[in-house]
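Please prepare a short briefing on the model shown below. It should cover the packing of helices, the ligand site and some local backbone features.

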Amino acid sequence: MAKQPRILAGQTVAVTGAARGIGRATAKALQAQGMKVAIGDVDLQAARQTAEELGGSTIALELDVTDRPSFAAFLDATEQKLGPLDVLVNNAGIMQIGRFVDEDDVTARRMVDINLHGVILGMKLALERMIPRGHGHVVNISSQAGKYGAPGGATYSATKHAVVGLTEAVRGELRLMGADIDLSYVMPFVVNTELGSGLGQARGMTSLEPTDVADAIVEALQMRIIDVWVPKSAKRTNVLGNVLPRSLSEGMARAMKADRVLAGADINRRRDYELRAARSEPGLEPAPEPAQLAASSEE
Ligand code: NAD
């Protein structure tokens, strides 16, 4: 018998990094499902503006996903204002690209802190609320870079691979504990957001809109989908890549120019984004201007 979609109306959801981009589109799509939405973002001003634009019961709260007290306060305030947490979407993330050999340590640390440790913290804090209630769903935003090591984004790819492994491992633990909590991870291709600006094109793949990812997240919550490929066809390419001999799968990736999506990015078009991303962890000293940006400003 076909699975019946779950009804999301009336549930409380917290979405991290939802001031803009994929998080914003997700907040909007979940609100349209009748969910009560809390937007958390390190950019409180933008989060407030987004909540105002979305209207309804949506609230905006300050959040730094790298900081446990901040994350706990975000979830506490969400529950106080909207009710017990049913869903957490760990979406906040940054992508600072460039050659691995040129990357400074602060940049690497910041990506690991936000993209991976932020997700670890969010899952721990959500699960300690959900497990005793025997109910809840955590959605972690990974990337196609969570399945493919993308040249030009080595540390980013590492964090996104880690989110896949983390989610799979915690799912196994929950099953062993007999805890009926759902976990999903979402792997979008390039999305038309500030984070995705100036990236190269892969043959046969078109950029997605944030609403494409938001719709996939709604479907994952309704249908309890674990690994969420956006677009869905990316799963076939990945399966094929895994069964082919390495020389063929790497040749296929090169023929599609998948190895140029990050490595071939237009750094000048990414400048504003890269500078914002470099200020995304309040507790970490801002890096000196990343090497590639400094070089591009001298041209
Ligand atoms: P975006 O830059 O448009 O939005 C990210 C939001 O996260 C921003 O509002 C930012 O202020 C917030 N944020 C950053 N650091 C934070 C912190 N420490 N605490 C709280 N909030 C913080 O980016 P996006 O494209 O919407 O990306 C959202 C997620 O989707 C990220 O995890 C990203 O890695 C992933 N993703 C994006 C793409 C793409 O091409 N855009 C593709 C695959 C996966």
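The buried residues of helix H3 pack against strand E1, strand E2, strand E3 (59-62), strand E4 and helix H4 (105-133). Helices (H or I, at least four residues) and strands (E, at least two) are DSSP runs, numbered from the N terminus. This is a predicted model, in which local features need pLDDT of at least 70 and side-chain atom pairs count only at pLDDT 80 or more, while totals for chains, interfaces and linings use all residues. Residues are numbered from 1 along each chain as its sequence is written, and side-chain values use heavy atoms, with hydrogens and water left out.

**Helix H3**

- Helix H3 covers residues 68-82, and its 15 residues reach 21 Å from the first C-alpha to the last, close to the 21 Å expected at 1.5 Å a residue. The expected span of a helix is 1.5 Å times one less than its number of residues.
- Ser 70, Phe 71, Ala 72, Phe 74, Leu 75, Ala 77, Thr 78, Glu 79 and Leu 82 are the buried residues of H3. Buried means under 20% relative accessible area, exposed over 50%, and partly exposed in between (1.4 Å probe, protein chains only).
- At the start of H3, the backbone nitrogen of Ser 70 has a side-chain oxygen of Asp 67 within 3.0 Å.
- Gly 83 follows H3 and has a positive phi, near 110°.

**Ligand site**

- The ligand is surrounded by 29 residues, and the closest are Arg 20, Asp 41, Tyr 156, Val 191 and Thr 193. A residue is near a molecule or strand if one of its heavy atoms lies within 4 Å of it.
- The shell around the ligand has 15 nonpolar, nine polar and five charged residues. In this classing, Ala, Val, Leu, Ile, Met, Phe, Trp, Tyr, Cys and Pro count as nonpolar, Asp, Glu, Lys and Arg as charged, and the others, Gly among them, as polar.
- Helix H1 (21-32), helix H5 (154-177) and helix H9 (267-277) each supply at least two residues of this shell.
- An oxygen atom of the ligand lies 2.8 Å from a polar side-chain atom of Arg 20, and a polar backbone atom of Ile 22 is 2.8 Å from an oxygen atom of the ligand.
- A nitrogen atom of the ligand is 3.0 Å from a polar side-chain atom of Asp 64.
- The ligand taken alone exposes 840 Å², of which the protein buries 98%. Accessible areas come from the Shrake-Rupley method with a 1.4 Å probe; for residues, only the protein chains shown count as cover.

**Helix H1**

- The end C-alpha atoms of H1 are 17 Å apart, which agrees with the 16 Å that its 12 residues should span at 1.5 Å a residue.
- The buried residues of H1 include Ile 22, Gly 23, Ala 25, Thr 26 and Leu 30.
- Their cover includes strand E1 (12-16), strand E2 (36-41), helix H2 (44-54), strand E4 (85-90) and helix H6 (210-223).

**Two buried residues**

- Asn 90 lies in strand E4 and counts as buried because its relative accessibility is 2%.
- The side chains of Asn 90 and Asn 140 make a polar contact at 2.9 Å. A polar contact is a pair of N or O atoms within 3.5 Å; within protein, one must be able to donate a hydrogen and the other to accept it, and residues adjacent in sequence count only if both atoms are side-chain atoms.
- Apart from its neighbours within four places in sequence, Asn 90 is in contact with residues including Thr 16, Phe 71, Gly 118 and Val 138. Contact means heavy atoms within 4.5 Å.
- Leu 166 belongs to helix H5 and is buried, at a relative accessible area of 19%.
- Leaving aside neighbours within four places in sequence, Leu 166 is in contact with Val 119, Ile 120 and Met 123.
- A distance of 9.7 Å separates the C-alpha atoms of Leu 166 and Tyr 185, which are 19 residues apart along the chain.

**Backbone features in loops**

- The peptide bond from Val 230 to Pro 231 is cis, with omega near 0°. Pro 231 sits in the loop between strand E7 (227-230) and helix H7 (234-243).
- Arg 224, in the loop between H6 and E7, is a residue other than glycine with a positive phi, near 55°. Arg 224 is partly exposed, with a relative accessible area of 34%.
- Lys 257, in the loop between helix H8 (246-255) and H9, is not a glycine but has a positive phi of about 65°. Lys 257 counts as partly exposed because its relative accessibility is 37%.
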